[in-house]
Amino acid sequence: MAHKMGIIGYGGMAGWHHDNSKRIKNFKVVAAYDINPDRLKVAEQRKLKAYDKLQDFLADDNFDIVLVATPNNFHKPMVIAALEAGKNVICEKPVAMTVEDFDEMYATAKKTGKLFTVHQNRRWDKDFRIIKTTIETGLVGKPYTIESRVMGQNGVMHGWRAYKIAGGGMVFDWGVHLIDQILWMLKEPVSEVYANLHMVKTPEVDDYFKAIIRFESGLSTQIEVGTYNLERLPRWYVCGDGGAVVVNDWECNGKITHAKDFEMSWEQEVVQTEGGPTRTMAPRPKETLEELPLPEVQTDWADYYHNILAVLDGKEELIVKPEEVRKVVQVMAAIFESSATGKAVKIDRYYK
């Protein structure tokens, strides 16, 4: 059946959602609410019913889905108001800045019986799906370390994202995506988190952070995000007991490397390398290695909305589940605590 959506907060991301919706069958954005008159004019120019009062917007029965795309500090009141008005709700990430706020939102969703989910669209990123496929199909064996990073060079955060009161900073902006990808891919309990946050060019909020997330199996993952990295490292780097994979960039340039299956024989004497004499760290002979191309995957961000509509029509299970989102919020809370205390945080206090 056809579904229609109204948007709370018709800013930059809302415009992206509006454009993306045009590719989806039986789905249309029809209304917008904003406190900024200039944004309401833009909404009207794009043929939307524009509202300057939230109560009037939520009383409109011409749409059954609400997207909350406000600054982060307004997510909770807007989500709760929309749910209580009988709307299904999609919230932009991060859904909440604290676990307690999330729990209030989720309790309202369960009370009203309406759909509640978060726009974790980067579960459909091609680079991520390549890594997910590589690990799940055993192409690198059992992984023991995974590195995921996003690095910018300009040292700039735009608008409200540079302010603490609005929920700015890289943990909430990009970290939430990378954490969600790791947790959804691995699906195992987190044991502890250690993190460092820095304010390199932005006075109020983190514009660089590095977090080590350790899982109960012993697997170690590293998430790194920065806005002022003049030299950038690979987007993904994974080592397993059967090989390694690197994805260098958003264009998905990279490779899988395997060791050929024959016994190595080493000289008894140390080997002279550029780093000095060594045997342990000597480079492996090229003939003992083989390189494989990255697996081919097909992805589309529109599939996020395809899933939402199928759930509402009773045809599919929700992919971005509230329980999974809660775990992401819990890990973000541990990141902030670890950076503040300088200690690793045992995650069992957050991760249920």
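**Strands and rings**

Let's start with Arg214, which stands opposite Ser220 in strand β10. This is a predicted model, where local features need pLDDT of at least 70 and side-chain atom pairs count only at pLDDT 80 or more, while totals for chains, interfaces and linings use all residues. Residues are numbered from 1 along each chain as its sequence is written, and side-chain values use heavy atoms, leaving out hydrogens and water.

Strand β10 covers residues 220–226 and runs antiparallel to β9, with seven bridges joining the two. (Strands are DSSP runs of E, at least two residues long, numbered from the N terminus; two of them pair if DSSP finds at least two bridges between them.) The β9–β10 hairpin has four residues between its strands, and Gly218 there takes a positive phi near 105 degrees. Now look at β9 (residues 208–215) again: β9 also pairs with β8 (residues 190–198), in the antiparallel sense over eight bridges. Here Leu197 stands opposite Phe209 in β9.

On to the rings. Phe, Tyr and Trp rings (for Trp, the six-membered one) pair if their centres lie within 6.5 Å; planes under 30 degrees apart count as stacked, over 60 as edge-to-face, and the rest as tilted. That rule gives 13 aromatic pairs. One of them is Phe57 with Phe63, tilted at 35 degrees between the planes and 4.9 Å centre to centre. Both of these residues, Phe57 and Phe63, are buried (under 20% relative accessible area, using a 1.4 Å probe and protein chains only). Elsewhere, Phe27, Trp124, Tyr304 and Tyr305 form one aromatic cluster.

Finally, check out Lys110: its charged end sits over the ring of Tyr106, 4.5 Å from the ring's centre (for Lys or Arg, NZ or CZ must be within 6 Å of the ring centre and within 35 degrees of the ring normal).

How values were computed
Buried < 20%, exposed > 50% of the residue type's maximum accessible area, 1.4 Å probe, protein only.
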